[in-house]
Amino acid sequence: MNNPQEANVQTQSAASPTQIKVWDILVRVFHWSLVISFTTGYLITDKFPLHAYAGYTIFALVLTRIVWGFIGTPYARFSAFTYSVQETVQYTLSALHMGKAREYLSHNPMGAIMVYLLLTMLLCNTIIGTMLYGAQQLEGPLEGIVPTHWDEDLLTAHEIMAKALLTTAAFHLSGVIWASWWHRQNYILAMFTGYKSAFTRRSHREGSGETWTAEERARHQHR
Ligand code: HEM
Ligand code: HEM
């Protein structure tokens, strides 16, 4: 199932757009479990071990997603959403100028930056949190390993990183809403169903020159 064209394209009637299975079950479960555990961890910071368990869940989810980024289904692989600087600049400029921003089936170049940032920051803050848990509360796997007098610095780092994460997640959500409007495609629904349309209403209607077939898009993405 390494060929997205053959594996994922379900051709419907000539009038309706082609639906392509983009997000597999692992990506969808990963995303919504991440949203739940991140919200729980962020909102409940005074109840232990609940906060720590929410954090460990995030750690396990992110590690699983990283492995899936190498061995997973075609659109979930990092190779499907790793872009050159030139392509990222091009996309960003056309998006900012409300130009003809090309639509991507996997994460678009700006979305991909957010995804990499979020995964990295989540991983870092779960590690810092676990160190803090050991130093401050003498609990968790790093208890006895992290010096107790690091607790204040670790708390500061954990707080700053948590705020930075919330800010990045807010940019991520705004980006998703903006792109959904711009490309006339409900990306949030796609994160539940797994399916995206190969031809969006906007590109279809306006004939922007970006109405690729699924095969063309997939070929481009897997170049
Ligand atoms: C991405 C995951 C995490 C987020 C977003 C997060 C967020 C937060 C926030 C917002 C605070 C409150 C900081 C403040 O006092 O202003 C906090 C405190 C804390 N977190 Fe986390 N956390 C995460 C993961 C973890 C993990 C995995 C652990 C430990 C296993 C942990 C242990 C702690 C501890 C010990 C405190 C200090 C509580 C206190 O001083 O009352 N966190 N965290
Ligand atoms: C209710 C709030 C949220 C909504 C509606 C939402 C929606 C989405 C959507 C639609 C995508 C796919 C975008 C695309 O098609 O390119 C996505 C991807 C992603 N989101 Fe969110 N998101 C939310 C909150 C969060 C939060 C809080 C985090 C982490 C702190 C997060 C982390 C991610 C990550 C890591 C991906 C990449 C998924 C993957 O490739 O496996 N999201 N999100």
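Which of the 21 residues around ligand 2 come nearest?

Tutor: Keep in mind that this is a predicted model. Five residues head the list: His 107, Val 115, Ala 169, Tyr 187 and Met 191 come nearest to ligand 2, out of 21 residues around it.

Now the make-up of that shell. It is divided into 16 nonpolar residues, 4 polar ones and 1 charged one. Four helices each give at least two residues to the shell: helix 2 (25–43), helix 5 (109–137), helix 6 (151–182) and helix 7 (187–193). Helix 2 supplies the largest share, with 6 residues.

His 107 is in contact with Phe 81, as are Ser 106 and Ala 112, once sequence neighbours within four places are left aside. Phe 81 belongs in turn to the largest nonpolar core, a set of 11 residues. Its other members include Ile 20, Val 22, Trp 23, Tyr 104 and Leu 105, as well as Ala 190 and Ala 198. A separate core has 6 residues, including Met 131, Leu 132, Tyr 133 and Ala 135.

Tyr 75, Ala 76 and Ala 80 also sit in the largest core. Arg 77 is placed in the loop between helix 3 (50–71) and helix 4 (85–96). Arg 77 counts as partly exposed because it has 18 C-beta neighbours inside 10 Å, and a buried residue needs 20 or more. Beyond four places in sequence, Arg 77 touches Gly 69, Phe 70 and Gly 72. Ile 66 lies 11 residues from Arg 77 in sequence, and their C-alpha atoms are 9.0 Å apart.

Next, the loops that join the helices of the shell. Most residues other than glycine have a negative phi, and most peptide bonds are trans. The bond between Phe 48 and Pro 49 is cis, with omega about 10 degrees. Pro 49 is in the loop between helix 2 and helix 3.

Leu 138 is not a glycine, yet its phi is positive, about 50 degrees. Its place is the loop between helix 5 and helix 6. Arg 184 has 14 C-beta neighbours inside 10 Å, so it counts as partly exposed.

Methods. Residues are numbered from 1 along each chain as its sequence is written. Chains are lettered from A and ligands numbered from 1 in the order in which they are written. This is a predicted model: local features need pLDDT of at least 70, side-chain atom pairs count only at pLDDT 80 or more; totals for chains, interfaces and linings use all residues. A residue is buried if 20 or more other C-beta atoms lie within 10 Å of its own, exposed if 12 or fewer, and partly exposed in between; C-beta atoms are placed from the backbone. Two residues are in contact if their C-beta atoms, placed from the backbone, lie within 7 Å. A residue is near a molecule or strand if its C-beta atom, placed from the backbone, lies within 6 Å of it. Ala, Val, Leu, Ile, Met, Phe, Trp, Tyr, Cys and Pro count as nonpolar, Asp, Glu, Lys and Arg as charged, and the others, Gly among them, as polar. A nonpolar core is a set of buried Ala, Val, Leu, Ile, Met, Phe, Trp, Tyr and Cys residues joined through C-beta atoms within 7 Å.
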